[in-house]
Amino acid sequence: MMPAADRMLIALAGLAGALGVGLSAAAAHIAGATSLATAAQFLLFHAPALLGLALLAGSGRAHPVPVRIAGFALALGLALFSGDLSMRALLQQPLFPMAAPSGGMILILGWVLVAVAAFWPLHSGPREAPGTR
């Protein structure tokens, strides 16, 4: 059975992908909507990353805790960054002050956590020497 955190990351990946396609279409029909296009690109670039992190967390090939934390950091950063750019483009109002830069920093932190997860040990206890079974 798949853990709820992994299901949530997969759902967020699907939502990011759907919103990315929708915002791309909207940006194509609104003159000068470069920030909307940027928001769409970020959503579309990160959707497969979220999907991959959810699958990696459950695969046993990386420690699931840092992988899931990285995934949720990416999702939060994406919501703030793309949400702010979209609000500004569509409603001429920010999500809240400093939302886009905060989201961008959280996205960077999320990617650093992905790198950290690569070196996080899978097992905390002593390992058996090869060939001792």
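Guide: A crossing is left-handed if the near helix is turned anticlockwise from the far one by less than a right angle, and right-handed if clockwise. Helices here are DSSP runs of H or I with at least four residues, numbered from the N terminus. The model is predicted, with pLDDT of at least 70 needed for local features and 80 or more for side-chain atom pairs, while totals for chains, interfaces and linings use all residues. Residues are numbered from 1 along each chain as its sequence is written, and side-chain values use heavy atoms, leaving out hydrogens and water.

The part to look at is helix H3, which covers residues 64-91. An unreviewed UniProt entry places the feature "transmembrane region" at residues 36-57, 69-91 and 103-123; such annotations may be inferred rather than shown by experiment.

Start with the neighbours of H3. Helix H1 (residues 4-29) and H3 have axes (lines fitted to C-alpha atoms over the stretch in contact) that come within 11 Å and cross at roughly 25°. The angle is taken between N-to-C directions and runs from 0 to 180 degrees. H1 is therefore roughly parallel to H3. Under 35 degrees counts as roughly parallel, over 145 as roughly antiparallel, 65 to 115 as roughly perpendicular and the rest as oblique. H1 passes H3 in a left-handed crossing. In this pair, the residues in contact (heavy atoms within 4.5 Å) include Leu9, Leu12 and Leu23 of H1 and Phe72, Leu78 and Ser86 of H3.

The other neighbour is helix H4 (residues 99-119), whose axis comes within 7 Å of that of H3, crossing at roughly 160°. H3 and H4 are therefore roughly antiparallel to each other. Their crossing is left-handed too. Among the residues that make this contact are Ala70, Ala73, Gly77, Phe81 and Asp84 of H3, and Ala99, Ala100, Gly103, Gly104 and Trp111 of H4.

With 1% relative accessibility, Asp84 counts as buried. Buried means under 20% relative accessible area, exposed over 50%, and partly exposed in between, using a 1.4 Å probe and protein chains only. Apart from neighbours within four places in sequence, Asp84 is in contact with Ala79, Pro94, Leu95, Phe96, Ala99 and Ala100. A polar atom of the Asp84 side chain lies 2.8 Å from the backbone nitrogen of Leu95.

Ser86 also lies in H3, and its 11% relative accessibility makes it buried. Its side chain reaches the backbone oxygen of Ser82 at 2.8 Å. Leaving out residues up to four places away in sequence, Ser86 touches Leu23, Leu36, Ala39 and Leu91. Ser86 and Ala33 are 53 residues apart in sequence, but their C-alpha atoms are 9.4 Å apart in space.

Most residues other than glycine have a negative phi. Gln92, which is not a glycine, has a positive phi of about 55°. At 64% relative accessibility, Gln92 is exposed. Met98 lies in the loop between H3 and H4 as well. Met98 is not a glycine either, and its phi is positive at about 70°. Its relative accessibility of 54% makes Met98 exposed.

One further pair involves H4. The axes of helix H2 (residues 34-59) and H4 come within 13 Å and cross at roughly 30°. H2 is therefore roughly parallel to H4. This crossing is left-handed. The contact is made by Phe42, His46, Ala49 and Leu53 of H2, with Leu107, Trp111 and Val114 on the H4 side.

Key
Helix = DSSP H or I, 4+ residues; strand = E, 2+ residues; numbered from the N terminus. Polar contact = N/O pair within 3.5 Å; in protein donor to acceptor, adjacent residues only side chain to side chain.
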